[in-house]
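Open the model in your viewer and keep the sequence panel beside it. The stops below say what to select next and what is there.

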Amino acid sequence: MKNKKKRTIAKIKLPIQKCTTEVKLRSQPSSIKTPSIFISSVLLEKCPLLLAPDFYQVDALELAPRLLGKHLKKDDVVLQITEVEAYRPNDSACHGRFGITARTAPVFGAGGHAYIYLCYGMHNMLNVVADKEGNGAAVLIRACAPVCGLETIKQRRGLKTEKPILLTGPGKVGQALGISPEWSSHPLFTPGGLELLDGPDPEKIVVGPRVGIDYALPEHVSAPWRFAIAGTQWISAPKNTLRPMT
């Protein structure tokens with residue numbers, strides 16, 4: 001892993017509406033510093049900034065852990081990213097391996113845009129495009145924790161629970177946000193629609209091999225390019241393959 005570079009944050013302040021839903025701390029990663037026993041818009045008021053395009057225009061393997069703790073916002077729903085996977089150029093598990101097609105064209109765009117594809121004809125998978133334009137790299141959002149809009153999340157998911165099953169899986173995240181492939185190429189660094197906001201860096205991170213890529217080359221199947229916040233319940237299965245990042 002390369003040393004982290006100091007990121008640049010866009011100087012775009014956003015109006016933050018108070019959350020109508022508060023999620024108890026038991027459902028939030030213990031490694032994330034929060035100002036009270038509830039997660040609410042107080043957290044967002046401290047980090048109400050969109051991240052600048054150059055934040056994303058780095059290797060997907062560098063961007064992936066940087067995204068942990070950041071916030072996704074659409075409509076009244078705000079989610080905190082808890083688990084991601086990196087997909088790089090020349091990666092036999094990356095959609096970029098197919099070259100530029102009607103489906104994969106967004107992943108070859110400049111870093112900071114959304115790439116959303118339909119999996120098994122039903123799951124909308126949200127990826128954050130990484131690296132420079134033309135490289136074909138992205139970070140898959142595998143799991144999140146709810147911050148605001150819990151009732152909307154439950155309605156979209158068709159569930160009444162507040163347990164991690166609500167958002168632990170990439171298809172669940174896409175459903176909770178109410179997105180579809182039509183959102184591909186949407187700039188995540190501009191106000192309105194689907195936004196990616198700054199958030200606290202996790203104190204500890206766990207890593208492991210990516211999920212469901214048995215079709216890839218052995219060196220890519222075993223590569224530890226899956227990242228998650230240590231100590232949180234909001235991680236998808238399998239969890240036993242994750243180890244502390246060194």
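A residue is called buried when its relative accessible area is under 20%, exposed when over 50%, and partly exposed in between, with a 1.4 Å probe and protein chains only. This is a predicted model, in which local features need pLDDT of at least 70 and side-chain atom pairs count only at pLDDT 80 or more, while totals for chains, interfaces and linings use all residues. Residues are numbered from 1 along each chain as its sequence is written, and side-chain values use heavy atoms, with hydrogens and water left out.

**The whole chain**

Start with the cartoon view. The protein chain has 6 helices and 13 strands; helices (H or I, at least four residues) and strands (E, at least two) are DSSP runs, numbered from the N terminus. Of the 246 residues in the chain, 57% are buried. Contact means heavy atoms within 4.5 Å. Among contacts with a separation of 6 or more, 67% are between residues 24 or more positions apart.

**Lysine 154**

Select lysine 154, which is found in helix H4. Is lysine 154 buried or exposed? Lysine 154 counts as buried because its relative accessibility is 11%. Leaving aside neighbours within four places in sequence, its contacts are Leu159, Lys160, Thr161, Glu162 and Leu166.

**Helix H4**

Along with Lys154, the buried residues of H4 are Leu150, Thr152, Ile153 and Arg157. The buried residues of H4 pack against strand S6 (77-87), strand S9 (137-148) and H5. Following H4 is glycine 158, with a positive phi near 70°.

**Where H4 meets H5**

Now show H4 (residues 150-157) together with H5 (residues 170-177): their axes come within 8 Å and cross at roughly 115°. Axes here are lines fitted to C-alpha atoms, for helices over the stretch in contact, and angles run from 0 to 180 degrees between N-to-C directions. On the H4 side, Ile153, Arg156 and Arg157 meet Lys172, Gln175, Ala176 and Leu177 of H5.

**Helix H5**

Keep H5 selected. H5 is largely enclosed by the rest of the structure, because 6 of its 8 residues are buried. They are Pro170, Gly171, Val173, Gly174, Ala176 and Leu177. These buried residues pack against strand S5 (71-74), S6, strand S8 (123-130), S9 and H4.

**Aromatic pairs**

How many aromatic pairs does the structure hold? There are 2. Rings of Phe, Tyr and Trp (its six-membered ring) pair if their centres lie within 6.5 Å; planes under 30 degrees apart count as stacked, over 60 as edge-to-face and the rest as tilted. Select phenylalanine 55 and tyrosine 56: this pair is edge-to-face, 5.2 Å centre to centre with 85° between the planes. Phenylalanine 55 counts as buried because its relative accessibility is 1%, and tyrosine 56 counts as buried because its value is 0%. Then select tyrosine 115 and tyrosine 117, a tilted pair at 5.6 Å centre to centre and 35° between the planes. Both tyrosine 115 and tyrosine 117 are buried.

**Charges over rings**

A charge sits over a ring if NZ of Lys or CZ of Arg is within 6 Å of the ring centre and within 35 degrees of the ring normal. Finish at arginine 88, whose charged end sits over the ring of tryptophan 225, 5.1 Å from its centre.
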